[in-house]
Amino acid sequence: MIAIALQQIPPEGKQLEGEEDTDFLDLEEIGSVSAGPVRYRLDVGISEGGVFATGQLSVSVEMTCVACLQRFVYEAVVDPFVAQVEIEGQERIDLTPLAREELLLALPNHPR
């Protein structure tokens, strides 16, 4: 889970960096498997009524080529990753759903 408590974000912002398990990507649904963790490096800050995050996401995914049916590893990179989340009534912001969407969109529809 890529999440942060609002009280942990100082006025000048904060950098988040780490790795997460790929379970939240549901790669089995697209016939792929993880070849490593989701890696992220994000700058997070608070602006008027929301939290913004910018940075990079990446994950290695083992896929099957649609032409030759051989397995290969594809490195999906989202750079820049840009997200903004409203903080109304929240104490913790979860960026995982936004990261999931961007990483899945970075994977090829017809891997070769």
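A negative surface patch is formed by Asp21, Asp23, Glu28 and Glu29. Patches of this kind are made of residues with over 30% relative accessible area and no salt bridge, with like charges joined within 9 Å; Asp and Glu count as negative, and the place of a charge is taken as CG of Asp or CD of Glu. The accessible areas come from the Shrake-Rupley method with a 1.4 Å probe. Asp23 counts as exposed, because its relative accessibility is 57%; the cut-offs are over 50% for exposed, under 20% for buried, and in between for partly exposed.

The structure is predicted, so local features need pLDDT of at least 70 and side-chain atom pairs count only at pLDDT 80 or more, while totals for chains, interfaces and linings use all residues. Residues are numbered from 1 along each chain as its sequence is written, and side-chain values use heavy atoms, leaving out hydrogens and water.

Next come the salt bridges, each defined as a side-chain nitrogen of Lys or Arg within 4 Å of a carboxyl oxygen of Asp or Glu. A search of the whole structure finds 3 of them. In one, the side chains of Asp26 and Arg100 meet at 3.4 Å, N to O. This pair links distant parts of the chain, 74 residues apart: Asp26 is in the loop between β2 (14–20) and β3 (33–34), and Arg100 is in helix α1 (residues 96–106). Asp26 is partly exposed at 30% relative accessibility, and Arg100 is partly exposed at 26%.

Another salt bridge joins Glu75 and Arg39 at 2.6 Å, N to O. Glu75 lies in strand β6 (residues 71–86) and Arg39 in strand β4 (residues 38–47), so the pair ties together parts that are 36 residues apart in sequence. Glu75 is partly exposed at 37%, and Arg39 is partly exposed at 26%. There is also a salt bridge between Arg71 and Glu62, at 3.0 Å, N to O.

Both Glu75 and Arg39 turn up again around Ser58, a residue of strand β5 (residues 50–64). Ser58 is buried, with a relative accessible area of 9%. Leaving aside neighbours within four places in sequence, Ser58 is in contact (heavy atoms within 4.5 Å) with Pro37, Val38, Arg39, Glu75, Ala76, Val77 and Leu103.

Key. Helices (H or I, at least four residues) and strands (E, at least two) are DSSP runs, numbered from the N terminus. Buried means under 20% relative accessible area, exposed over 50%, partly exposed in between (1.4 Å probe, protein chains only). Patches are made of residues with over 30% relative accessible area and no salt bridge: like charges are joined within 9 Å, nonpolar side chains (Val, Leu, Ile, Met, Phe, Trp, Tyr) within 5 Å.
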